[in-house]
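Here is a quick tour of a structure, written for someone who likes cut-offs spelled out.

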Amino acid sequence: HALQDQHFGISAKIKENRSLNSDDRMLALQAVMEGDAMVVMLQYLLEPARRHFSQLPDLSVIMQAQMASMQAQFPVFKESPAYLKETLLFPYGYGASFIQHGWTRSPSWGAIDRIYADMPVSTEQIMHPEKYFEARDLPKPVRTDDLVTALGASWKPAVKNVLGEFTLGLLMSLHLTEERSRRAAAGWGGDEVLLLENAEGRDAVVLSTTWDTPEDAENFYTSMDEWFRRRFPKAQRSGE
């Protein structure tokens, strides 16, 4: 990471990204940094055997296997919330897979270095490298202002953020199957989430999303509807 900072100024990139209120974008940045470091380490280990990291199976799959092993070895890690475990490992597994994909397309360290001048801006691009290296799929801006206004003047924003495809999928997987969650988060186009507070000390979460197609939006809506029924079985829908 010291070398990355010397050559590509990653400290400045981290500082810049932290000001954008997007954990999703920050996770994508971390994925490039950690993925690059991971494949350099792997290449150093593989070189005596005259092998190359690009010849390995998908590195995100390998890291998932490592995660299962870690859970068995470290009880505190095993008992931690899924969000903490998964976001901790995302930059290493998906990041290494992203770099692996980039190398396969253009096999040179120069090609990897050039990524730092044009960084991925979403976990969607990291998870689906073709959305970065091929037809660039950029997040669409989403605003929750109208929804906040509808709640009333007493509600004030406390935290604003962007969840992204990866975190939305994680959220869904708390109460839906992994496959259903993956499909529900696919087609993500952008989001904004707000934590609101009012004078009475109550909290509210407002999430607004946009999707690549109407079918993607419908899939997320119906999946989220089922998610709420499982998470809050006694809750009543207040309206459409």
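Predicted model: local features only at pLDDT ≥ 70, side-chain atom pairs only at ≥ 80, totals over all residues.

## Ground rules

A residue is called buried under 20% relative accessible area, exposed over 50%, and partly exposed in between, using a 1.4 Å probe and protein chains only.

Residues are numbered from 1 along each chain as its sequence is written, and side-chain values use heavy atoms, with hydrogens and water left out.

## Aromatic pairs

Rings of Phe, Tyr and Trp (its six-membered ring) pair if their centres lie within 6.5 Å; planes under 30 degrees apart are stacked, over 60 edge-to-face, and the rest tilted. Searching the whole structure turns up 13 aromatic pairs. Take Phe8 and Tyr116: their ring centres are 4.2 Å apart and the planes sit at 10°, so this pair is stacked. The two come from distant parts of the chain, 108 residues apart, with Phe8 in helix α1 (residues 2-8) and Tyr116 in the loop between α7 (109-114) and α8 (123-127). Helices here are DSSP runs of H or I with at least four residues, strands are E runs of at least two, and both are numbered from the N terminus. Tyr116 is buried at 3% relative accessible area, whereas Phe8 is partly exposed at 24%.

Phe228 and Phe232 also make a stacked pair, with 6.2 Å centre to centre and 25° between the planes. Elsewhere, Phe53, Trp103 and Trp109 form one aromatic cluster.

## A charge over a ring

The charged end of Arg136 sits over the ring of Tyr132, 4.1 Å from its centre. The test wants NZ of Lys or CZ of Arg within 6 Å of the ring centre and within 35 degrees of the ring normal.

## The sheet

Three strands make an open antiparallel sheet, ordered β1-β2-β3. Since β1 (156-161) and β3 (203-211) are at the edges with a single partner strand each, one side of each lacks a neighbour in the sheet. Two strands pair if DSSP finds at least two bridges between them; β2 (residues 188-197) and β3 have nine. Glu192, for one, has Ser208 in β3 as its bridge partner.
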